[in-house]
Amino acid sequence: MQSVGEYLEPGYAPKPDQLFMDDATYAKALDAIVLTCTDIALTKNGQLLLGKRTRHPQPDWWVVGGRMRAGETFAASAARLLKKELGLAVTPERLVPLTVFSAAWNQRAFEPVSNGTHTVSIVMHLEVSDHEAEGLVFNDEYSDHGWTDFAGVANNELLHPALHQVAQALMEQKG
């Protein structure tokens, strides 16, 4: 992937009491902004980990990830989300940028659900060991999971086009 820049001005620090909004305020914000997410292409031996999400947007097969918080780098956000969603603790330095996509969704998890949401996802890549893969514990956001070879994801018309993009980027990276 071409380089991805991150610039945090020295002295910038989000105020902890401003990091979260009540649901009604957050729903209004979702109507007005494009949400930034960090998703993680977790790979092992040429296979990509997909989880079957139980929530909007995209209650179907997807990579793990979620909202980025103010003041986080892409890698720090991805490391936090890996711990939250899979119980996997990794240092941010292990995560590298893979690809970026924008997705406008018809539905979202917050009311009014039918207002949808628009996200930009910075996809980070992490290769895990067999030992790390064996210790993954999915949170309640997922009902199933599985490892699939990159070409299988790229060519599966039933999967979201963003997953095709992720798989293609992984195949290009592999060379």
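Helices (H or I, at least four residues) and strands (E, at least two) are DSSP runs, numbered from the N terminus. This is a predicted model: local features need pLDDT of at least 70, side-chain atom pairs count only at pLDDT 80 or more, and totals for chains, interfaces and linings use all residues. Residues are numbered from 1 along each chain as its sequence is written; side-chain values use heavy atoms, leaving out hydrogens and water.

**Figure 1. Lys44, a buried residue with no salt bridge.**
Lys44 sits in strand S1. Buried means under 20% relative accessible area, exposed over 50%, and partly exposed in between (1.4 Å probe, protein chains only). A salt bridge is a side-chain nitrogen of Lys or Arg within 4 Å of a carboxyl oxygen of Asp or Glu. In counting charges, Lys and Arg are positive, Asp and Glu negative; His and the chain ends are not counted. How far from Lys44 is the nearest side chain of opposite charge? That side chain belongs to Asp130, 4.1 Å away. Contact means heavy atoms within 4.5 Å. Apart from neighbours within four places in sequence, the contacts of Lys44 are Glu127, Val128, Ser129, Asp130, Ala133 and Trp147.

**Figure 2. The whole protein, for orientation.**
The protein has 5 helices and 7 strands. Along the sequence they follow the pattern α-β-β-β-β-α-β-β-α-β-α-α. Its C-alpha atoms fill a box of roughly 40 × 40 × 30 Å along the principal axes. The radius of gyration, taken over C-alpha atoms, is compared with a globule rule of 2.2 Å times the number of residues to the power 0.38. For 175 residues, a compact globule would come near 16 Å; the protein has 16 Å, which agrees. Buried residues make up 42% of the 175. Take the contacts between residues at least 6 apart in sequence: 71% of them join residues at least 24 apart.

H1 spans residues 23-32, and Tyr26, Ala27, Ala29 and Leu30 are buried in it. Seen down the helix axis, the buried residues of H1 fall within an arc of 160°, so they line one face. That arc is of the directions from the helix axis to the C-beta atoms. An α-helix has 3.6 residues a turn, so residues three or four places apart point the same way. Exposed residues Ala24, Lys28 and Ala32 are on the face of H1 turned away from the buried side. What covers the buried residues of H1? The cover includes strand S1 (35-44), strand S4 (64-67) and strand S6 (117-127).

**Figure 3. Asp22 at the start of H1.**
Asp22 is in the segment before H1. Its relative accessible area is 46%, so Asp22 is partly exposed. A side-chain oxygen of Asp22 comes to within 3.1 Å of the backbone nitrogen of Ala24. A polar atom of the Asp22 side chain also lies 2.9 Å from the backbone nitrogen of Thr25. A polar contact is a pair of N or O atoms within 3.5 Å; within protein, one must be able to donate a hydrogen and the other to accept it, and residues adjacent in sequence count only if both atoms are side-chain atoms. Ser3 is 19 residues from Asp22 in sequence, and 35 Å from it in space, C-alpha to C-alpha.

**Figure 4. Asp31 paired with Arg108.**
The closest N and O atoms of this salt bridge, between Asp31 and Arg108, are 2.8 Å apart. It links distant parts of the chain: Asp31 is in H1, Arg108 in the loop between strand S5 (96-105) and S6, 77 residues apart. Arg108 is buried, at 1%.

Glu141 and Arg55 form a salt bridge at 3.7 Å, N to O. Glu141 lies in the loop between helix H3 (130-134) and strand S7 (142-149), and Arg55 in the loop between strand S2 (47-53) and strand S3 (61-62), so the pair ties together parts 86 residues apart in sequence. Glu141 is buried, at 7% relative accessibility; Arg55 is partly exposed, at 35%. A salt-bridge network links Arg53, Arg55, Asp140 and Glu141. Asp60 and Lys52 form a salt bridge at 3.5 Å, N to O.

**Figure 5. Backbone details in the loops.**
Most residues other than glycine have a negative phi, and most peptide bonds are trans. The bond from His56 to Pro57 is cis, with omega near -10°; Pro57 is in the loop between S2 and S3. Gln58, in the loop between S2 and S3, has a positive phi of about 65° although it is not a glycine. Gln58 is buried, at 13% relative accessibility. Asn45 lies in the loop between S1 and S2. Its phi is positive, about 50°, and Asn45 is not a glycine either. Asn45 is exposed, at 58%.
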